[in-house]
Amino acid sequence: MHSAILPKLLLQRKAASARRLLWVAASSTSSSLDAAISECADSIKATLAKRTAAKKRAQTHDSCFALVSQSFSAADVETAAQRLQDRLSKATGVDVAITGAVVDRIATNTSCHGSSGLSDGVSVLYHRPEPGTCSDAGLEAKPFYIGDMHGRQRLREVAVGRWHNTTTDRFRDYQRLIQWKDGQSSVTQAASHLKLPKELEEISDPSAVELILMAADKDSSQVFDALDSRFSRAVRLAIVGSQTPFFNGREFTLFGSNQVYESGVVGVAFVRSQGVSSDNSRAVEQPQVAYTGLRAISDVLEIRRSKGNVVLEVENGEAAHQLIASIRKQRKSLSSDRSSENRLFAKITPSKESMLNSGVVLQVTGGDPAKGGLAIDTTKDIEPGRFIQFMMLEDSSAASLPESTDQPTLRFTAKEYSGMAEPACTDAGTSIATNVFGGATEGGFVYSISSTGSKSNTIKSVLSGSAECAVPGSSMLFTLDN
């Protein structure tokens with residue numbers, strides 16, 4: 001079963017007699033970092049000159065979210081954020097705050113090694129606050145960083161299966177760190193002591209935050225939970241950066257606050273200016289996610305019993321036995337030369353009717369035929385009463401971007417794990433794409449979803465808050481309106 005990708009216009013605003021530019025996107029596939037930065041800066045400068053008024057603005061700085069591929073040298077990447085900041089500040093005449101990360105590929109209009117819309121290079125999303133005469137365009141950018149210094153805990157390190165041997169020293173240390181409460185069997189029920197940075201704590205009205213754009217490492221679910229709780233009305237989007245230990249010695253390479261970090265979350269919160277009505281801000285919609293290579297191999301089944309991230313029983317019997325039966329039915333139609341034929345996933349939705357257009361897709365990480373349980377790759381809880389459908393990955397090719405767009409389009413993609421360094425995109429050539437921003441990594445992306453409400457107020461449901469997606473070939477599309 002293939003889910004159609006339906007681009008939707010987010011951050012929709014009412015028409016005004018004098019529109020001014022908020023967002024500019026550009027991607028360059030030049031093999032030289034300096035050339036790629038210059039091409040992006042020149043494109044942004046030209047677009048700003050065409051679309052913004054000549055009147056002197058009063059804002060203190062612009063902001064830029066940048067994604068840089070690993071195709072450049074480690075020494076170049078280490079200074080990429082500073083070089084981009086210098087070049088953009090010179091081109092635009094104002095201070096520019098840089099946030100971003102190193103990724104496997106960037107989003108563009110070209111192709112590389114058969115990957116449509118992905119290539120090597122630099123991709124930037126530039127934001128210019130322009131309140132001016134367009135009363136609904138006032139968004140202030142607040143860059144931030146959240147790391148271990150803020151009390152972040154790496155939940156995934158001890159969350160697999162989430163049924164722990166309490167005699168191990170490692171788990172006892174973890175209990176002490178998160179003040180595990182009696183009777184709780186899931187990390188999602190543990191008390192969170194994450195302290196948000198002052199840039200976010202100082203936002204007096206959390207509902208004024210319209211968009212939070214982030215780059216993160218692979219173990220930041222606690223950060224997303226904290227942001228979900230405080231900024232529940234905001235659209236929250238993140239790309240999981242590339243792991244770079246064999247590239248530059250850093251676990252991850254994240255840019256923010258004039259520094260290079262190797263873990264945590266860097267981001268920008270876009271806050272509605274004082275006096276701007278929320279009625280003129282954004283439509284209540286969510287990012288659109290496409291899973292192009294998944295095929296349903298089972299019926300839609302109601303979950304009858306579960307514990308944490310383990311599904312124990314569905315409506316027709318034990319979960320593991322139902323999955324095994326589904327695989328056997330599909331065996332004759334499976335291609336023997338597919339390397340991904342055993343990659344199994346589960347789509348979970350609040351109702352049977354919503355299976356086609358909502359829900360989350362997560363990998364099945366393990367099962368116990370003797371006990372009938374299936375472990376699902378999430379740090380949140382899967383509740384009884386939800387619905388599940390088993391799927392198999394047949395094709396990890398990402399969905400193509402629309403051929404043209406009049407508005408900046410953000411696209412994050414989860415790519416197939418290769419286990420080795422990416423070959424250079426020698427077949428892509430050099431090009432500059434406007435209105436295109438994004439990137440692809442093996443870690444995938446995180447996006448906010450419409451909350452369906454939890455059946456208990458003591459757990460974090462897999463169908464609320466933010467969803468993590470690492471399904472190879474999946475893409476998240478988000479279009480900004482100027």
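Which residues is Tyr447 in contact with, leaving aside its neighbours within four places in sequence? In this predicted model, Tyr447 is in contact with Arg236, Leu237, Pro287, Val289, Tyr291, Gly359, Val360, Gly465, Ser466, Ala467, Cys469 and Met476. The protein has 482 residues, of which buried residues make up 55%, and its secondary structure comes to eight helices and 28 strands.

**Overall picture**

- Among the contacts in the protein with a separation of 6 or more, 79% are accounted for by residues 24 or more positions apart.
- The protein exposes about 20,500 Å², and carbon and sulfur atoms supply 47% of that area.

**Nonpolar cores**

- The largest nonpolar core holds 66 residues, and the members that touch the most other members are Leu237, Phe412 and Tyr447.
- Strand E22, covering residues 387-393, gives the most to this core, with five residues.
- Another core, of 27 residues, lies apart from the largest one, and its members include Cys64, Val122, Val124 and Phe255.
- In soluble globular proteins, nonpolar side chains tend to be buried together.

**The seven-stranded sheet**

- Seven strands form an open sheet with mixed pairing, and their order is E12-E11-E4-E3-E7-E2-E24.
- The edges of this sheet are strand E12 (259-261) and strand E24 (432-434), each of which pairs on one side only.
- Neighbouring strands of the sheet are turned by 20° against each other on average, with direction ignored.
- Strand E4 (residues 95-103) pairs with strand E11 (residues 254-256) in the antiparallel sense over two bridges, and the bridge partner of Ala101 in E11 is Leu254.

**Strand E7 and its partners**

- Strand E2 (residues 23-28) runs antiparallel to E7 and is joined to E7 by six bridges, with Ser28 standing opposite Val122 in E7.
- E3 likewise pairs with E7 in the antiparallel sense over six bridges, and here Phe65 stands opposite Leu125 in E7.
- Six of the six residues of E7 are buried, and the strand is therefore largely enclosed by the rest of the structure.

- Helix H3 (residues 80-92) lies across strand E3 (61-69), E4, strand E7 (122-127) and E11, and runs at about 145° to E4.
- Ala91 has its place in helix H3, and Ala91 is buried, with a relative accessible area of 11%, which falls under the 20% limit for a buried residue.
- Not counting residues up to four places away in sequence, Ala91 touches Ala41 and Lys45.
- Although Ala91 and Lys45 are 46 residues apart in sequence, their C-alpha atoms are 6.1 Å apart in space.

**Salt bridges**

- The count of salt bridges comes to 17.
- Side chains of opposite charge can pair when their charged atoms come close.
- Asp62 forms a salt bridge with Arg128, and the closest N and O atoms of the pair are 2.9 Å apart.
- Asp62 lies in strand E3 and Arg128 in the loop between E7 and strand E8 (139-146), so this pair ties together parts that are 66 residues apart in sequence; both Asp62 and Arg128 are buried.
- A salt bridge also forms between Arg152 and Asp217, with the closest N and O atoms 2.8 Å apart.
- This pair links distant parts of the chain, 65 residues apart, with Arg152 in the loop between E8 and helix H4 (169-178) and Asp217 in the loop between strand E9 (209-216) and helix H6 (221-230); both Arg152 and Asp217 are buried.
- The side chains of Arg236 and Asp228 meet in a salt bridge at 2.6 Å, N to O, and both of these residues are buried; Arg236 is also one of the residues in contact with Tyr447.
- Asp34, Asp76 and Arg83 are linked with one another in a network of salt bridges.

Terms used
Residues numbered from 1 in each chain as written. Predicted model: local features only at pLDDT ≥ 70, side-chain atom pairs only at ≥ 80, totals over all residues. Heavy atoms only, no water. Helix = DSSP H or I, 4+ residues; strand = E, 2+ residues; numbered from the N terminus. Buried < 20%, exposed > 50% of the residue type's maximum accessible area, 1.4 Å probe, protein only. Contact = heavy atoms within 4.5 Å. Areas by Shrake-Rupley, 256 points an atom, 1.4 Å probe, with all protein chains shown as cover. Pairing = 2+ DSSP bridges. Axes fitted to C-alpha atoms, helices over the stretch in contact; angles between N-to-C directions. Core = buried A, V, L, I, M, F, W, Y, C linked by side-chain atoms within 4.5 Å. Salt bridge = Lys/Arg side-chain N within 4 Å of Asp/Glu carboxyl O.
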